[in-house]
Amino acid sequence: MKLKIRVLLLGVLFLAGCGQKEPIFTQYADTAMGTVIQLNLYSTDTESAKNFSKETMELLNTLEHERLSWRLETSEVFRLNASAGAEEGFPLSEDLAHELAACLDVWEQSEGAFDVTLGAVVRLWKIDSLASGETSKEEFVIPSHEEISKALEKCGSEHLQLVAGDMVTGEAAEGGTRIYLPGGMQIDLGAVGKGIALSEIEALLNNQSDISAAVISAGGSILVYGAKADNSTWKVGIVNPLDTSTSIGTLVLDPSNWYITTSGDYERYVEVDGVLYHHILDPATGYPAESEVRGVTILTRDGLLGDALSTACFVLGVEEGLQLVEKYDAEALFVLADGEIVMSEGLAEESADAKFIAE
Ligand code: FAD
Ligand code: MG
(Lines give C-alpha, C1' and ligand atoms only; values in the text may rest on other atoms or scores of the structure.)
(Ligands and ions follow the chains in the order given, each with its own letter.)
Protein backbone atom coordinates (compact mmCIF):
# COMPACT_ATOMS: atom_id res chain seq x y z
CA MET A 1 0.00 0.00 0.00
CA LYS A 2 1.34 3.42 -0.94
CA LEU A 3 0.98 6.01 1.78
CA LYS A 4 1.43 9.73 1.28
CA ILE A 5 3.79 11.77 3.45
CA ARG A 6 1.80 14.36 5.33
CA VAL A 7 3.68 17.20 6.93
CA LEU A 8 0.91 18.59 9.05
CA LEU A 9 0.13 16.98 12.38
CA LEU A 10 2.15 13.79 12.06
CA GLY A 11 0.31 10.88 13.54
CA VAL A 12 -2.41 12.64 15.51
CA LEU A 13 -5.41 14.49 14.15
CA PHE A 14 -6.32 17.35 16.46
CA LEU A 15 -10.02 17.72 17.23
CA ALA A 16 -10.06 19.85 20.38
CA GLY A 17 -11.37 23.34 20.84
CA CYS A 18 -14.36 23.52 18.54
CA GLY A 19 -17.14 25.90 19.43
CA GLN A 20 -15.38 27.54 22.38
CA LYS A 21 -16.64 31.07 23.18
CA GLU A 22 -14.66 32.21 26.21
CA PRO A 23 -11.76 32.79 26.46
CA ILE A 24 -10.87 33.65 22.87
CA PHE A 25 -9.44 30.83 20.77
CA THR A 26 -6.52 31.69 18.49
CA GLN A 27 -4.34 29.56 16.25
CA TYR A 28 -0.80 30.04 14.98
CA ALA A 29 1.33 27.83 12.77
CA ASP A 30 5.02 27.97 11.94
CA THR A 31 7.90 25.58 11.35
CA ALA A 32 10.82 24.57 13.58
CA MET A 33 12.90 21.42 14.10
CA GLY A 34 12.02 20.24 10.60
CA THR A 35 8.32 20.08 11.34
CA VAL A 36 5.12 22.11 11.60
CA ILE A 37 4.41 23.72 14.95
CA GLN A 38 0.77 24.50 15.71
CA LEU A 39 -0.30 26.62 18.64
CA ASN A 40 -3.96 26.56 19.64
CA LEU A 41 -4.44 28.99 22.50
CA TYR A 42 -7.32 29.90 24.79
CA SER A 43 -6.53 33.38 25.98
CA THR A 44 -8.45 36.25 27.55
CA ASP A 45 -6.31 38.64 25.55
CA THR A 46 -5.40 38.21 21.86
CA GLU A 47 -2.28 40.37 22.24
CA SER A 48 -0.96 38.00 24.95
CA ALA A 49 -1.65 35.04 22.69
CA LYS A 50 0.26 36.69 19.85
CA ASN A 51 3.21 37.51 22.11
CA PHE A 52 3.19 33.99 23.51
CA SER A 53 3.32 32.45 20.04
CA LYS A 54 6.34 34.64 19.23
CA GLU A 55 8.04 33.70 22.48
CA THR A 56 7.38 30.01 21.80
CA MET A 57 8.95 30.11 18.35
CA GLU A 58 11.96 31.93 19.82
CA LEU A 59 12.25 29.24 22.47
CA LEU A 60 12.15 26.46 19.85
CA ASN A 61 14.78 28.13 17.70
CA THR A 62 17.03 28.80 20.69
CA LEU A 63 16.65 25.21 21.84
CA GLU A 64 17.62 23.91 18.42
CA HIS A 65 20.51 26.33 17.90
CA GLU A 66 21.95 26.20 21.39
CA ARG A 67 21.26 22.69 22.63
CA LEU A 68 19.76 20.03 20.37
CA SER A 69 20.91 20.34 16.77
CA TRP A 70 23.34 17.72 15.48
CA ARG A 71 24.07 19.91 12.43
CA LEU A 72 24.65 23.41 13.81
CA GLU A 73 28.09 24.13 15.24
CA THR A 74 26.51 26.46 17.80
CA SER A 75 24.69 23.67 19.63
CA GLU A 76 25.75 21.72 22.69
CA VAL A 77 24.97 18.35 21.06
CA PHE A 78 27.18 19.29 18.08
CA ARG A 79 30.07 20.19 20.42
CA LEU A 80 29.43 17.06 22.46
CA ASN A 81 29.66 14.91 19.30
CA ALA A 82 32.85 16.72 18.30
CA SER A 83 34.33 15.70 21.68
CA ALA A 84 33.95 11.95 20.93
CA GLY A 85 37.15 10.17 21.87
CA ALA A 86 38.45 13.06 24.00
CA GLU A 87 40.09 11.79 27.16
CA GLU A 88 38.86 14.74 29.19
CA GLY A 89 35.24 14.15 28.13
CA PHE A 90 32.71 16.94 27.79
CA PRO A 91 31.11 19.09 30.52
CA LEU A 92 27.34 18.97 30.12
CA SER A 93 24.87 21.73 30.88
CA GLU A 94 22.46 20.88 33.65
CA ASP A 95 19.59 20.56 31.16
CA LEU A 96 21.36 18.21 28.76
CA ALA A 97 22.75 16.15 31.66
CA HIS A 98 19.23 15.69 32.97
CA GLU A 99 17.87 14.82 29.50
CA LEU A 100 20.62 12.31 28.72
CA ALA A 101 20.14 10.66 32.10
CA ALA A 102 16.41 10.29 31.33
CA CYS A 103 17.27 8.81 27.90
CA LEU A 104 19.67 6.34 29.50
CA ASP A 105 16.96 5.25 31.89
CA VAL A 106 14.59 4.43 28.99
CA TRP A 107 17.48 2.71 27.18
CA GLU A 108 17.98 0.48 30.20
CA GLN A 109 14.28 -0.19 30.82
CA SER A 110 13.66 -0.90 27.12
CA GLU A 111 16.67 -3.25 27.04
CA GLY A 112 18.33 -1.13 24.39
CA ALA A 113 15.36 -0.59 22.02
CA PHE A 114 15.61 3.17 22.58
CA ASP A 115 19.16 4.41 22.16
CA VAL A 116 20.30 8.01 21.60
CA THR A 117 23.81 6.88 20.64
CA LEU A 118 22.58 5.65 17.23
CA GLY A 119 23.77 8.82 15.43
CA ALA A 120 26.35 7.07 13.24
CA VAL A 121 23.72 4.67 11.85
CA VAL A 122 21.00 7.35 11.55
CA ARG A 123 23.36 9.53 9.46
CA LEU A 124 24.20 6.54 7.26
CA TRP A 125 20.57 5.93 6.31
CA LYS A 126 19.73 9.65 5.79
CA ILE A 127 16.04 8.74 5.76
CA ASP A 128 14.95 11.92 7.53
CA SER A 129 16.56 14.27 5.06
CA LEU A 130 15.20 12.22 2.16
CA ALA A 131 11.69 12.08 3.56
CA SER A 132 11.70 15.85 4.13
CA GLY A 133 12.91 16.46 0.57
CA GLU A 134 16.24 17.97 1.66
CA THR A 135 17.96 15.40 -0.53
CA SER A 136 16.45 13.70 -3.54
CA LYS A 137 15.30 10.10 -3.72
CA GLU A 138 17.88 9.45 -6.44
CA GLU A 139 20.57 10.07 -3.85
CA PHE A 140 19.20 7.35 -1.57
CA VAL A 141 21.52 4.37 -1.36
CA ILE A 142 20.71 1.43 0.89
CA PRO A 143 23.78 1.12 3.10
CA SER A 144 25.69 -2.15 2.79
CA HIS A 145 25.70 -4.71 5.64
CA GLU A 146 29.36 -3.89 6.12
CA GLU A 147 28.72 -0.15 6.46
CA ILE A 148 25.92 -0.79 8.93
CA SER A 149 27.94 -3.13 11.10
CA LYS A 150 30.87 -0.68 11.08
CA ALA A 151 28.58 2.20 12.09
CA LEU A 152 26.94 0.02 14.77
CA GLU A 153 30.36 -0.46 16.38
CA LYS A 154 30.24 3.27 17.20
CA CYS A 155 26.83 2.98 18.88
CA GLY A 156 25.54 1.65 22.17
CA SER A 157 24.62 3.47 25.38
CA GLU A 158 26.55 0.81 27.30
CA HIS A 159 29.72 2.58 26.08
CA LEU A 160 28.61 5.97 27.40
CA GLN A 161 29.96 7.27 30.66
CA LEU A 162 28.01 9.96 32.43
CA VAL A 163 29.74 10.94 35.64
CA ALA A 164 29.32 13.66 38.21
CA GLY A 165 33.05 14.25 38.46
CA ASP A 166 36.25 14.31 36.43
CA MET A 167 37.52 10.77 35.74
CA VAL A 168 40.91 12.00 34.56
CA THR A 169 41.90 14.03 37.60
CA GLY A 170 39.60 12.18 39.97
CA GLU A 171 38.24 15.52 41.13
CA ALA A 172 34.55 16.20 41.41
CA ALA A 173 33.45 18.15 38.33
CA GLU A 174 32.76 21.69 39.33
CA GLY A 175 29.04 22.26 39.20
CA GLY A 176 28.19 19.50 36.80
CA THR A 177 28.19 16.24 34.97
CA ARG A 178 30.83 15.15 32.49
CA ILE A 179 30.18 12.74 29.65
CA TYR A 180 32.71 10.55 27.85
CA LEU A 181 31.89 9.47 24.31
CA PRO A 182 34.08 6.84 22.69
CA GLY A 183 35.66 7.84 19.34
CA GLY A 184 33.12 8.07 16.51
CA MET A 185 30.05 7.96 18.72
CA GLN A 186 27.34 10.47 17.77
CA ILE A 187 24.41 11.44 19.96
CA ASP A 188 21.08 11.89 18.14
CA LEU A 189 18.19 13.38 20.07
CA GLY A 190 15.83 13.39 17.05
CA ALA A 191 13.45 11.00 18.80
CA VAL A 192 12.97 13.23 21.86
CA GLY A 193 13.74 16.80 20.72
CA LYS A 194 10.12 17.78 20.23
CA GLY A 195 9.08 16.32 23.59
CA ILE A 196 11.86 18.28 25.30
CA ALA A 197 10.63 21.41 23.52
CA LEU A 198 7.01 20.82 24.60
CA SER A 199 8.05 20.45 28.25
CA GLU A 200 9.79 23.83 28.02
CA ILE A 201 6.65 25.31 26.44
CA GLU A 202 4.62 23.91 29.35
CA ALA A 203 6.91 25.79 31.75
CA LEU A 204 6.38 28.94 29.66
CA LEU A 205 2.60 28.46 29.79
CA ASN A 206 2.74 28.18 33.58
CA ASN A 207 3.89 31.82 33.64
CA GLN A 208 1.10 33.09 31.36
CA SER A 209 -1.81 34.24 33.46
CA ASP A 210 -3.82 35.21 30.34
CA ILE A 211 -3.62 31.75 28.76
CA SER A 212 -5.78 29.18 30.53
CA ALA A 213 -5.59 26.34 28.05
CA ALA A 214 -3.61 25.34 24.98
CA VAL A 215 -2.96 22.52 22.55
CA ILE A 216 0.53 22.70 21.07
CA SER A 217 1.59 20.24 18.42
CA ALA A 218 5.09 19.68 17.10
CA GLY A 219 4.97 16.95 14.48
CA GLY A 220 3.95 13.73 16.19
CA SER A 221 4.16 15.22 19.70
CA ILE A 222 1.31 17.12 21.31
CA LEU A 223 0.94 18.98 24.59
CA VAL A 224 -2.60 19.45 25.88
CA TYR A 225 -2.52 22.09 28.58
CA GLY A 226 -5.00 23.21 31.23
CA ALA A 227 -8.78 23.37 31.08
CA LYS A 228 -11.21 25.03 28.70
CA ALA A 229 -13.67 27.58 30.18
CA ASP A 230 -16.48 25.01 30.42
CA ASN A 231 -14.09 22.41 31.87
CA SER A 232 -15.04 19.97 29.14
CA THR A 233 -12.82 17.03 28.17
CA TRP A 234 -10.11 17.32 25.53
CA LYS A 235 -10.65 15.20 22.44
CA VAL A 236 -7.73 14.15 20.28
CA GLY A 237 -8.30 11.98 17.22
CA ILE A 238 -5.76 9.32 16.31
CA VAL A 239 -4.84 9.01 12.65
CA ASN A 240 -5.15 5.59 11.06
CA PRO A 241 -1.61 4.61 9.97
CA LEU A 242 -3.15 2.35 7.30
CA ASP A 243 -5.09 5.24 5.75
CA THR A 244 -3.88 8.61 7.03
CA SER A 245 -6.95 10.41 5.70
CA THR A 246 -9.07 8.62 8.32
CA SER A 247 -9.10 8.35 12.10
CA ILE A 248 -9.26 5.16 14.18
CA GLY A 249 -10.90 6.86 17.15
CA THR A 250 -10.57 9.53 19.80
CA LEU A 251 -8.67 9.98 23.03
CA VAL A 252 -10.93 11.64 25.59
CA LEU A 253 -8.90 13.34 28.31
CA ASP A 254 -9.94 15.01 31.53
CA PRO A 255 -8.91 18.70 31.72
CA SER A 256 -5.25 18.65 32.75
CA ASN A 257 -1.80 18.60 31.16
CA TRP A 258 -1.05 15.63 28.88
CA TYR A 259 1.60 14.65 26.38
CA ILE A 260 0.44 12.60 23.42
CA THR A 261 3.23 11.26 21.21
CA THR A 262 2.98 9.12 18.11
CA SER A 263 5.71 7.19 16.29
CA GLY A 264 5.03 5.37 13.06
CA ASP A 265 6.50 4.17 9.80
CA TYR A 266 4.06 6.11 7.58
CA GLU A 267 5.39 9.67 7.67
CA ARG A 268 9.14 9.60 7.22
CA TYR A 269 10.16 6.84 4.88
CA VAL A 270 11.61 6.06 1.49
CA GLU A 271 10.17 3.34 -0.74
CA VAL A 272 12.53 1.46 -3.06
CA ASP A 273 11.36 -1.45 -5.22
CA GLY A 274 8.29 -1.89 -3.05
CA VAL A 275 10.30 -2.00 0.19
CA LEU A 276 9.60 0.70 2.77
CA TYR A 277 12.63 2.07 4.63
CA HIS A 278 11.47 4.20 7.57
CA HIS A 279 13.35 6.27 10.14
CA ILE A 280 12.95 4.26 13.36
CA LEU A 281 15.92 1.96 13.60
CA ASP A 282 16.36 -1.22 15.58
CA PRO A 283 19.58 -0.71 17.57
CA ALA A 284 20.14 -4.49 17.52
CA THR A 285 20.40 -4.63 13.72
CA GLY A 286 20.96 -1.06 12.47
CA TYR A 287 18.03 -1.54 10.04
CA PRO A 288 14.53 0.01 10.15
CA ALA A 289 12.69 -1.71 13.01
CA GLU A 290 10.39 -4.54 12.00
CA SER A 291 7.47 -5.42 14.19
CA GLU A 292 3.73 -5.90 13.76
CA VAL A 293 3.25 -2.22 14.74
CA ARG A 294 2.49 0.52 12.16
CA GLY A 295 1.89 3.28 14.68
CA VAL A 296 2.00 3.70 18.45
CA THR A 297 0.64 6.56 20.55
CA ILE A 298 1.81 7.17 24.10
CA LEU A 299 0.08 9.20 26.79
CA THR A 300 2.25 10.59 29.59
CA ARG A 301 2.80 13.62 31.81
CA ASP A 302 6.32 14.32 30.49
CA GLY A 303 7.39 15.33 26.99
CA LEU A 304 10.75 13.58 26.76
CA LEU A 305 9.40 10.39 28.33
CA GLY A 306 6.43 10.23 25.93
CA ASP A 307 8.71 10.69 22.92
CA ALA A 308 11.23 8.11 24.13
CA LEU A 309 8.52 5.55 24.91
CA SER A 310 6.82 5.93 21.51
CA THR A 311 10.10 5.23 19.71
CA ALA A 312 10.93 2.33 22.05
CA CYS A 313 7.46 0.77 21.74
CA PHE A 314 7.61 0.93 17.95
CA VAL A 315 10.86 -1.06 18.06
CA LEU A 316 9.70 -3.48 20.77
CA GLY A 317 6.24 -4.32 19.42
CA VAL A 318 3.07 -4.84 21.44
CA GLU A 319 3.97 -7.36 24.12
CA GLU A 320 7.24 -5.86 25.33
CA GLY A 321 5.99 -2.33 24.62
CA LEU A 322 3.07 -2.78 27.02
CA GLN A 323 5.46 -4.06 29.70
CA LEU A 324 7.66 -0.99 29.18
CA VAL A 325 4.89 1.62 29.47
CA GLU A 326 3.65 -0.04 32.64
CA LYS A 327 7.03 0.62 34.27
CA TYR A 328 6.52 4.35 33.67
CA ASP A 329 2.81 4.50 34.49
CA ALA A 330 2.14 5.61 30.91
CA GLU A 331 -0.58 4.49 28.50
CA ALA A 332 -0.10 3.14 24.98
CA LEU A 333 -2.23 2.51 21.94
CA PHE A 334 -0.85 0.36 19.13
CA VAL A 335 -2.19 0.08 15.59
CA LEU A 336 -1.03 -3.14 13.98
CA ALA A 337 -0.40 -3.91 10.32
CA ASP A 338 -3.65 -5.89 10.08
CA GLY A 339 -5.63 -2.92 11.50
CA GLU A 340 -6.04 -4.40 14.99
CA ILE A 341 -5.90 -1.87 17.84
CA VAL A 342 -4.25 -2.90 21.10
CA MET A 343 -4.16 -0.61 24.11
CA SER A 344 -2.90 -0.58 27.67
CA GLU A 345 -5.49 -1.45 30.32
CA GLY A 346 -5.77 2.11 31.67
CA LEU A 347 -7.18 3.45 28.40
CA ALA A 348 -10.01 0.94 28.35
CA GLU A 349 -11.29 1.71 31.87
CA GLU A 350 -14.61 3.53 31.93
CA SER A 351 -13.64 5.68 34.93
CA ALA A 352 -10.13 6.55 33.71
CA ASP A 353 -9.08 10.18 33.24
CA ALA A 354 -7.90 9.20 29.75
CA LYS A 355 -10.01 6.91 27.58
CA PHE A 356 -9.91 5.74 23.99
CA ILE A 357 -13.18 5.60 22.06
CA ALA A 358 -12.86 3.59 18.86
CA GLU A 359 -14.48 4.93 15.69
P1 FAD B 1 10.55 9.09 16.43
O2 FAD B 1 9.66 8.20 15.73
O3 FAD B 1 10.29 9.28 17.85
O4 FAD B 1 12.09 8.60 16.32
C5 FAD B 1 12.80 8.54 15.13
C6 FAD B 1 13.99 9.43 15.13
O7 FAD B 1 14.80 9.18 16.28
C8 FAD B 1 14.89 9.19 13.94
O9 FAD B 1 14.67 10.19 12.98
C10 FAD B 1 16.29 9.19 14.50
O11 FAD B 1 16.77 10.52 14.55
C12 FAD B 1 16.11 8.70 15.91
N13 FAD B 1 16.05 7.25 16.12
C14 FAD B 1 15.81 6.25 15.22
N15 FAD B 1 15.76 5.06 15.84
C16 FAD B 1 15.96 5.29 17.16
C17 FAD B 1 16.01 4.45 18.30
N18 FAD B 1 15.84 3.12 18.21
N19 FAD B 1 16.27 5.03 19.51
C20 FAD B 1 16.45 6.37 19.62
N21 FAD B 1 16.41 7.21 18.57
C22 FAD B 1 16.15 6.69 17.35
N23 FAD B 1 14.04 17.20 10.13
C24 FAD B 1 14.27 17.69 8.91
O25 FAD B 1 13.78 17.10 7.95
N26 FAD B 1 15.05 18.80 8.74
C27 FAD B 1 15.62 19.46 9.80
O28 FAD B 1 16.31 20.44 9.63
C29 FAD B 1 15.39 18.97 11.11
N30 FAD B 1 15.93 19.56 12.20
C31 FAD B 1 15.65 19.08 13.43
C32 FAD B 1 16.20 19.69 14.55
C33 FAD B 1 15.93 19.24 15.83
C34 FAD B 1 16.53 19.93 17.01
C35 FAD B 1 15.06 18.11 16.00
C36 FAD B 1 14.75 17.58 17.37
C37 FAD B 1 14.52 17.49 14.89
C38 FAD B 1 14.80 17.95 13.61
N39 FAD B 1 14.27 17.33 12.47
C40 FAD B 1 14.55 17.82 11.24
C41 FAD B 1 13.44 16.14 12.56
C42 FAD B 1 14.31 14.90 12.77
O43 FAD B 1 15.17 14.71 11.68
C44 FAD B 1 13.46 13.64 12.95
O45 FAD B 1 12.82 13.32 11.76
C46 FAD B 1 12.40 13.82 13.95
O47 FAD B 1 12.93 14.37 15.11
C48 FAD B 1 11.78 12.49 14.21
O49 FAD B 1 10.70 12.69 15.04
P50 FAD B 1 9.66 11.55 15.34
O51 FAD B 1 8.88 11.94 16.52
O52 FAD B 1 8.95 11.21 14.09
O53 FAD B 1 10.69 10.43 15.68
MG1 MG C 1 9.76 9.36 19.80
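The model is a predicted one, in which local features need pLDDT of at least 70 and side-chain atom pairs count only at pLDDT 80 or more, while totals for chains, interfaces and linings use all residues. Residues are numbered from 1 along each chain as its sequence is written, chains are lettered from A and ligands numbered from 1 in the order in which they are written, and side-chain values use heavy atoms, with hydrogens and water left out.

The side chain of Thr311 places an N or O atom 2.6 Å from an oxygen atom of ligand 1, and a backbone N or O atom of Ala191 lies 3.2 Å from an oxygen atom of the ligand. On its own, ligand 1 exposes 940 Å², and the protein buries 95% of that (areas come from the Shrake-Rupley method with a 1.4 Å probe; for residues, only the protein chains shown count as cover).

Ligand 1 sits in the largest pocket. A pocket here is an open set of points on a 1 Å grid over the protein atoms alone, with protein on both sides within 12 Å along at least five of seven lines, and a molecule sits in it if more than half of its atoms lie within 2 Å of its grid points. Helix 1 (46-68) and helix 7 (193-206) are the elements that give two or more residues to the shell around ligand 1; helices (H or I, at least four residues) and strands (E, at least two) are DSSP runs, numbered from the N terminus.

Which residues come nearest to the ligand? Of the 26 around it, they are Asp128, Glu134, Gly190, Leu281 and Thr311, where being near takes a heavy atom within 4 Å. The shell divides into eleven nonpolar, seven polar and eight charged residues (Ala, Val, Leu, Ile, Met, Phe, Trp, Tyr, Cys and Pro count as nonpolar, Asp, Glu, Lys and Arg as charged, and the others, Gly among them, as polar).

Most residues other than glycine have a negative phi. Lys126, in the loop between helix 4 and helix 5 (127-131), has a positive phi of about 55°. Asp273, in the loop between strand 12 (269-272) and strand 13 (275-278), also has a positive phi, near 50°. Lys126 is partly exposed, with a relative accessible area of 47%, whereas Asp273 is exposed at 77% (buried means under 20%, exposed over 50%, partly exposed in between, with a 1.4 Å probe and protein chains only).

Some other residues are tucked away. Asp115, in the loop between helix 3 (94-109) and helix 4 (119-125), is buried at 10%; Asp115 and Ala308 are 193 residues apart in sequence, yet their C-alpha atoms are 9.0 Å apart. Ala151 in helix 6 (residues 145-152) is buried at 8%, with 8.6 Å from C-alpha to C-alpha between Ala151 and Gly184. Gly295 belongs to strand 14 (residues 293-300) and is buried at 5%.

Notes: Polar contact = N/O pair within 3.5 Å; in protein donor to acceptor, adjacent residues only side chain to side chain. 1 Å grid on protein atoms, 1.4 Å probe; cavity = no way out; pocket = protein on both sides within 12 Å on 5 of 7 lines; lining within 4 Å.
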